[in-house]
Amino acid sequence: AGRLDGPAAQVDAMPAGPELDAMIAIEVMGWHTSPFGKGWLDDSGRCVAATETNMGFHFRPSTNITDVWFVVEKMCGEKIEFGIESCVRESIEWIVSFTLYDANDILVWHEVTCDTTAPLAICRAALMAVRVRKAK
């Protein structure tokens with residue numbers, strides 16, 4: 001994780017929590033907040049998740065493995081390959097990669113990140129992937 005510079009390093013250092021969850025909802029999932037500020041809306045205006053815990057399905061991908069799987073499915077649906085493996089040393093580390101190819105199957109970008117929790121590693125890698133894809 002310490003090998004990154006600039007914006008990628010900022011993402012790789014982000015802690016799990018509401019700020020990262022909101023970035024994932026907006027930048028990766030493509031959602032936006034409802035006019036009432038109580039939920040995440042998709043492009044059709046349908047409420048897909050609550051922004052508060054007492055409002056039903058609360059989207060917390062950086063800490064919840066079930067929620068982060070929506071992120072993986074979204075990325076794979078956009079033809080970004082996903083890989084995950086564990087590395088056991090003093091503690092478990094989750095190593096996550098997202099790989100992007102162009103229309104000619106030429107590698108455009110490949111990023112690997114790791115953390116002690118799989119949801120956080122997936123969120124960081126996904127956010128880096130969509131930002132790189134947007135910049136290309």
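**Fold tally.** I counted secondary structure to begin with, and the chain comes to 4 helices and 6 strands. I'm working on a predicted model here. Reading from the N terminus, I get the order α-α-β-β-β-α-β-β-β-α. So much for the layout.

**Burial and surface.** I looked up how much of the chain is tucked away: 39% of its 136 residues count as buried.

**Contacts.** I took the contacts between residues at least 6 apart in sequence and asked what share join residues at least 24 apart. That share is 39%.

**Pockets.** On to empty space. Rolling a probe the size of a water molecule over the atoms shows where some is left. I noted a volume of about 150 Å³ for the largest pocket.

**Who lines it?** I wrote down the residues around the largest pocket: Glu27, Val28, Glu78, Ile80, Val130, Arg131, Arg133 and Lys134. Which elements supply at least two residues each to this lining? I find α2 (18-28) and α4 (118-135). Of the elements, α4 gives the most to the lining, with 4 residues.

I sorted the lining residues of the largest pocket by class and got 5 charged, 3 nonpolar and no polar. Glu27 and Arg131 are among the lining residues, and by class both go down as charged. Val28 is in the lining too, and I put Val with the nonpolar ones.

Key:
Residues numbered from 1 in each chain as written. Predicted model: local features only at pLDDT ≥ 70, side-chain atom pairs only at ≥ 80, totals over all residues. Heavy atoms only, no water. 1 Å grid on protein atoms, 1.4 Å probe; cavity = no way out; pocket = protein on both sides within 12 Å on 5 of 7 lines; lining within 4 Å. Points joined across faces, edges and corners; volume = space filled by probe spheres on them. Buried < 20%, exposed > 50% of the residue type's maximum accessible area, 1.4 Å probe, protein only. Contact = heavy atoms within 4.5 Å.
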